[in-house]
Amino acid sequence: MVRAFILYYLNIKKTHGYEIQKFVQMQGTEQWGKIQSGSIYYALTKLEKEKFIEVYKEERVGARIRKIYQITESGKAELQREMAEELASPIWSVGSFKFVTDPMLSTLPKEECIQIIQQHIKSLQEQKDYWEKWQKVKISKDSLKLTKISFEMTIKSISDQILWHEELLKNLDMYIQLSHKTSQFIQSVDFDLLEQTNEENATNHEKLAYAMKLKKVIEEDPRNAIDNLNKIIDELTKGQ
């Protein structure tokens, strides 16, 4: 679902692939959603061909020309379609992209989120009932242990998915609020500062300190991250 993530990011602000890559690395999204650097640039090219994004401008960075992308109206519709599809999909394995969709919840109207999640919980419960039924039919004292474990794993997996979605539904307002906070964070942070190498106002020491402060803010106080990040940015600006 790297496509949805890129559309989500560009729906917040115009930017380039490097910034999206840095945000993914900072959030640890590459582990959860298996979003790799190469896949980001490949998806950007494909999304541009499909007219879901377009080049807003090109800028020179050293010897390179960098493309700044913006989302199109059809891209906004595609983002909502993909988010709705993801909310209705199962959590298949460890590292599922669904584990990183909660910061993107503000993409969809709240009522639509509720409807999709409720319907998916109903579908998962039906699956759980089905497997529990067949467990009673198929499993006996003479059944192979591997078969018993297979049924237990399947039912446990579905139960955990139900629990995940029930938590999301129960505290949806909070997660949507945090989603808005993530959008504000993306708008506030200047990832280009981490890329600069030769400018007087961005030494390696300053860049490292900036990155460490960002990491500390997110880990220790995620709910107040925006206010704290603004203070950090103000400090850096005064030092220029």
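Colleague: What is the mean pLDDT of the protein?

Modeller: The mean pLDDT is 83, and 74% of the residues reach 70 or more.

Colleague: Where does pLDDT stay under 50?

Modeller: Over residues 197-202, where the model has seven contacts beyond four places in sequence. Where pLDDT is low, the predicted coordinates should not be read in detail.

Colleague: How many helices and strands are there?

Modeller: Ten helices and two strands. Starting at the N terminus, the order is α-α-α-α-β-β-α-α-α-α-α-α.

Colleague: How do the strands pair, parallel or antiparallel?

Modeller: Strand β1 (residues 53-61) and strand β2 (residues 64-71) are antiparallel, with eight bridges between them. Ile-53, for instance, has Ile-71 in β2 as its bridge partner.

Colleague: And how many residues lie between the strands of that hairpin?

Modeller: Two residues. In this hairpin Gly-62 has a positive phi near 65 degrees.

Colleague: New topic. How much of the protein is buried?

Modeller: Of its 240 residues, 39% count as buried. The protein exposes about 14,200 Å², and 52% of that comes from carbon and sulfur atoms.

Colleague: What about helix α1, mostly covered or mostly open?

Modeller: Helix α1 (residues 2-12) is mostly covered, with nine of its eleven residues buried. Among them are Val-2, Phe-5, Leu-7 and Ile-12.

Colleague: How many salt bridges are there?

Modeller: The count comes to 14. One of them joins Glu-50 to Lys-46, with the closest N and O atoms 2.9 Å apart.

Colleague: Is that pair buried or partly exposed?

Modeller: Glu-50 counts as partly exposed because its relative accessibility is 29%. Lys-46 is partly exposed too, at 35%.

Colleague: Which side chain does Lys-67 meet in a salt bridge?

Modeller: Lys-67 meets Glu-48, at 3.9 Å from N to O. Lys-67 has a relative accessible area of 34%, so it is partly exposed. Glu-48 is partly exposed as well, at 25%.

Colleague: What about Arg-81 and Glu-82?

Modeller: Their side chains also meet in a salt bridge, 3.9 Å from N to O. Arg-81 is partly exposed at 42%, whereas Glu-82 counts as buried because its relative accessibility is 4%. Salt bridges with shared partners join Arg-3, Lys-46, Glu-50, Glu-78, Arg-81, Glu-82 and Glu-85 into one network.

Colleague: Which side chain of opposite charge is nearest to Glu-86?

Modeller: Lys-98, which is 5.8 Å away. Glu-86 is buried yet has no salt bridge.

Colleague: Where is Ala-88?

Modeller: In the loop between α5 (73-87) and α6 (110-138). Its relative accessibility is 40%, so Ala-88 counts as partly exposed.

Colleague: What does Ala-88 touch?

Modeller: Beyond four places in sequence, Ala-88 touches Lys-98, Ile-116 and His-120. The C-alpha atoms of Ala-88 and His-120 are 5.6 Å apart, although the two residues are separated by 32 residues along the chain.

Colleague: And contacts across the protein, what share comes from residues 24 or more positions apart?

Modeller: Such residues account for 62% of the contacts with a separation of 6 or more.

Key
Residues numbered from 1 in each chain as written. Predicted model: local features only at pLDDT ≥ 70, side-chain atom pairs only at ≥ 80, totals over all residues. Heavy atoms only, no water. Helix = DSSP H or I, 4+ residues; strand = E, 2+ residues; numbered from the N terminus. Buried < 20%, exposed > 50% of the residue type's maximum accessible area, 1.4 Å probe, protein only. Contact = heavy atoms within 4.5 Å. Areas by Shrake-Rupley, 256 points an atom, 1.4 Å probe, with all protein chains shown as cover. pLDDT = per-residue confidence, 0-100. Pairing = 2+ DSSP bridges. Lys, Arg positive; Asp, Glu negative; His and termini not counted. Salt bridge = Lys/Arg side-chain N within 4 Å of Asp/Glu carboxyl O.
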